[in-house]
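Please examine the structure shown below.

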Amino acid sequence: MKSSKGWGAVLVIVLLLILDQALKIWIKTHMSLYESFQITPWFHIYFTENPGMAFGIQVIGKLFLSLFRIVAVVFIGYYLYTIIKRNYKFGYIACISLIFAGAIGNIIDSVFYGVIFDHSYGQVATFMPEGGGYATWLHGKVVDMFYFPLIQTTLPTWIPFWGGEEFIFFRPIFNLADSAICVGVFVLFLFYRNTLSNSMSKEEKRRMRLKLNKYICFAGGIILLFACSKVPRGILSEKKMQAVLTDMQIAEAMVNIDYKTYQDSGYKESLYESVFRKHKITQETYDSSLVWYGKNLDIYMAIYDRIRKDLDQRITDLGDIQASAAPTAKNDSVDIWPRRPYLAFSPEAFFNGVVFDIKPERNYSSGSNFVLGLRVWGLNPNMKQRPEIRLSVEQGDTILTVNNTITKDGYYETRLQSLPTRQVKRVFGYIRLDNAGNDYYKVYADSLNLMRYNYRADFSLPADTTTVNATQEPLLTR
């Protein structure tokens, strides 16, 4: 009898470990960090990693946590051996086996994964990479993948702090090992509390039950708190992300307006660092949050809409008019974009786009080069219409025009070179999206700028920029 219960415990442990590790290895070698796919509307496979405990909870250091897990597993293993030897009920043995297997499953991640895999940030991890893993022994991150957004709603605006924000329950992301531990503990406390204390006196049992009730309430409260959290640990909350992105938009506008000063990458990095210091975050946290929100576009778009409304209101308070053309300079380059550095396209909009018409006080020099840049995101393959760009310059009785169509997400720059024999007295055009049809939710454009470079100035583009294949129309002579 003891032998059959022992083999039953071994079967539970081995089977769970095989399933847990097979799933984690598949996720690690087939998905990049924060990638997901939907099984049902309330069940997603969502790849994330956490250095802490179950459900992404982190309260102690990684090395200490790994060592604590190993010590705990040794004690659990010894206790499992003891209860099998004493011929306890198999249900009780199975619960301890589930807890034991779950703990081992997460220990394997913590001890080995940092060494045998490289990182999954923006890529699919490689098993046994030549350059070594992403961490040292005992510093690996636990792979999580089960995500159950059971309730998705918007909180009433009268709720302090979180009013008007999207609310999702159950937010924590976990793995099979976490599930085994939770199921084992739950069944243990529900059906085998007496077995746990069968060697104690009545008074000791009473005290133990009181303590267990306190621990259960405390653990339940912690899990509920994290369950109601809107984003995984290590990712900026919606309100925090909104505040940071708002300041980053303002910083980018400063860079575009004062292009000459911020040509020095050191000045630019210092500006962005000042935003991080203001909000007490790091570049790594900001980048990780951008990746997470980029994978959760519904939340990101809601944040972006609030940012746009906030900035729109600020601009409206100042007066929503086209800015005056930037002053003409003989030997420098300047951003002459006169409108807001961002816009949103929506199927419900009366006009999807922006029109600009720049007339400098003094004509721009002959041969000036104009580069219209913007970053577009939110396009999908099913869209029938695409954002269109028209950039024109007027030189005396001649008009040069470039027309472009943007076909995919990314940063684009459109170039137009004026004639070397005539001064430019006007720069005009539009960015628009025909809103016929309803085959998209929203499309966003930001980092809008229109750089003017003097004749023969160096206006090389960044390495990651896509230049749309533009066709310059024939010269129009009036």
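**Helices and aromatic rings**

Helix α3 is mostly covered, since 21 of its 27 residues are buried (under 20% relative accessible area, with a 1.4 Å probe and protein chains only). The model is predicted: local features need pLDDT of at least 70 and side-chain atom pairs pLDDT 80 or more, while totals for chains, interfaces and linings use all residues. Residues are numbered from 1 along each chain as its sequence is written, and side-chain values use heavy atoms, without hydrogens and water.

Helices here are DSSP runs of H or I with at least four residues, numbered from the N terminus. The expected span of a helix is 1.5 Å times one less than its number of residues.

Helix α4 (residues 176-191) reaches 22 Å from its first C-alpha to its last. Its buried residues are A177, D178, A180, G184 and L188. They lie on the same side of α4, because they cover an arc (of the directions from the helix axis to the C-beta atoms) of only 165°. The face turned away from this side carries F186 and F191, which are exposed (over 50%).

Aromatic rings of Phe, Tyr and Trp (its six-membered ring) pair if their centres lie within 6.5 Å; planes under 30 degrees apart count as stacked, over 60 as edge-to-face and the rest as tilted. The count comes to 17 aromatic pairs. The rings of F170 and F174 have centres 6.3 Å apart and planes at 75°, so this pair is edge-to-face. Both F170 and F174 are buried.

Definitions and conventions
Helices (H or I, at least four residues) and strands (E, at least two) are DSSP runs, numbered from the N terminus.
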